[in-house]
Amino acid sequence: MEDQKFPLKYPIPHQENKEIRRITFKNGISQIFDALNLQKGWLYTLKSLLLDPGRLVKYYLGVGRYSTISPWKLLFLTTALSLFLIIQFDLNSLFTNQFIEGTNESSAGTEKVNAEIFIFFNDYYNIILWSSIPVFALVFFLILRRSFNYFEHVIIYTYYLVLGNIFVILLLPVFAFSDWGFETYLVLTHLYIVYIYIRSLDLSKWHHYLRLFLAISLSYLLYFIIIAFSIVPLIMKNAV
């Protein structure tokens, strides 16, 4: 994978001479092995995302657009798979209870309200997840542009959400057999949001790190406010 230096000069020339052939046993097997190729495609993208997500981001934004998997494809697939596992293994109650525990005092802790919150998170998990993209991308764009436009920041955060979904999948045994599943998930996701932005934006100075932590803090604050206001109607409806 080439390490891209930003800002890049667009358009970047790219040529691929391909021809479409009839699917036979030979090229059908070849396509299966292509899917397992560690130099491009799905496994290559997932491996790069786990080992060096920031470098993958820059590669995708540069010359690697056609040899890596789109972050949107990864997001849709990993969200569907992680949501399936969350429902199958009742992890949604774990995630929701963590939120409810932090809101019991302000919401009077009624069972009816808690049930509504649980249903809200259960029914709108993917929307809640994906709605964070424009919020986080906007805050990071305003505080840490670093030659990246707004939609390029959308790409960075989308890859980060894919990582979060992958961690849900990989940590399934920890969730199932340990009381530290949620805490482990939080530690990994918080470490990786720092890691992906440091590598993507080439942050190297102390004031860069201060702005990064400011962007992370403000993003979470703004996002939690939006989610809280989404839940307020549920609380008000049950308070009447």
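**Figure 1. Burial and helical make-up of the protein chain.** Of the 240 residues of the protein chain, 43% count as buried. The model is predicted. Its secondary structure consists of twelve helices and zero strands, so that from the N terminus on the elements read α-α-α-α-α-α-α-α-α-α-α-α. Among contacts in the protein chain with a separation of 6 or more, 73% are between residues 24 or more positions apart.

**Figure 2. The buried face of helix α2.** The buried residues in α2 are Gly 41, Tyr 44, Thr 45, Ser 48 and Leu 49. Viewed down the axis of α2, these buried residues fall within an arc of 130 degrees, so they line one face of the helix. An α-helix has 3.6 residues a turn, so residues three or four places apart point the same way. The cover over the buried residues of α2 includes α3, α4, α9 and α11.

**Figure 3. The salt bridge between Asp 52 and Arg 199.** Two salt bridges are found in a search of the whole structure. In one of them, Asp 52 pairs with Arg 199, and the closest N and O atoms are 2.7 Å apart. Asp 52 is in the loop between α2 (41–51) and α3 (53–61), while Arg 199 belongs to helix α11 (residues 181–201), so the pair ties together parts that are 147 residues apart in sequence. Asp 52 is buried, at a relative accessible area of 16%, whereas Arg 199 is partly exposed at 24%. Side chains of opposite charge can pair when their charged atoms come close.

**Figure 4. The salt bridge between Lys 58 and Asp 202.** The side chains of Lys 58 and Asp 202 form a salt bridge with an N to O distance of 2.9 Å. Lys 58 is part of helix α3 and Asp 202 sits in the loop between α11 and α12, so this pair ties together parts that are 144 residues apart in sequence. Lys 58 counts as buried at 1% relative accessibility; Asp 202, with a relative accessible area of 35%, is partly exposed.

**Figure 5. Backbone geometry at Asp 202.** Asp 202 is located in the loop between α11 and α12. The phi of Asp 202 is near 55 degrees, a positive value in a residue other than glycine. Most residues other than glycine have a negative phi.

**Figure 6. The surroundings of His 208.** His 208 lies in helix α12 and counts as buried, with 6% relative accessibility. A polar atom of the His 208 side chain is 3.3 Å from the backbone nitrogen of Ser 204. Leaving aside residues up to four places away in sequence, His 208 touches Leu 144, Arg 146 and Leu 203.

**Figure 7. The aromatic pair of Trp 72 and Phe 151.** The structure contains 14 aromatic pairs. One of these joins Trp 72 and Phe 151, with ring centres 6.2 Å apart and planes at 45 degrees, so the pair is tilted. Trp 72 is in helix α4 (residues 71–88) and Phe 151 in helix α9 (residues 150–170), so the pair ties together parts that are 79 residues apart in sequence. Trp 72 is partly exposed, at a relative accessible area of 28%. A pair of aromatic rings is described by the distance of the centres and the angle of the planes.

Figure 8. The ring centres of Phe 136 and Tyr 223 are 6.0 Å apart and the planes are at 65 degrees, so the pair is edge-to-face. Phe 136 is buried at 1% relative accessibility, and Tyr 223 is buried at 10%. Both rings belong to one aromatic cluster, formed by Phe 136, Tyr 157, Tyr 160, Tyr 220, Tyr 223 and Phe 224.

**Figure 9. Arg 65 over the ring of Tyr 60.** Arg 65 lies over the face of Tyr 60. The distance from Arg 65 to the ring centre of Tyr 60 is 5.4 Å.

Methods
Residues are numbered from 1 along each chain as its sequence is written. This is a predicted model: local features need pLDDT of at least 70, side-chain atom pairs count only at pLDDT 80 or more; totals for chains, interfaces and linings use all residues. Side-chain values use heavy atoms; hydrogens and water are left out. Rings of Phe, Tyr and Trp (its six-membered ring) pair if their centres lie within 6.5 Å; planes under 30 degrees apart count as stacked, over 60 as edge-to-face and the rest as tilted. Helices (H or I, at least four residues) and strands (E, at least two) are DSSP runs, numbered from the N terminus. Buried means under 20% relative accessible area, exposed over 50%, partly exposed in between (1.4 Å probe, protein chains only). A charge sits over a ring if NZ of Lys or CZ of Arg is within 6 Å of the ring centre and within 35 degrees of the ring normal. A salt bridge is a side-chain nitrogen of Lys or Arg within 4 Å of a carboxyl oxygen of Asp or Glu. A polar contact is a pair of N or O atoms within 3.5 Å; within protein, one must be able to donate a hydrogen and the other to accept it, and residues adjacent in sequence count only if both atoms are side-chain atoms. Contact means heavy atoms within 4.5 Å. The arc is that of the directions from the helix axis to the C-beta atoms.
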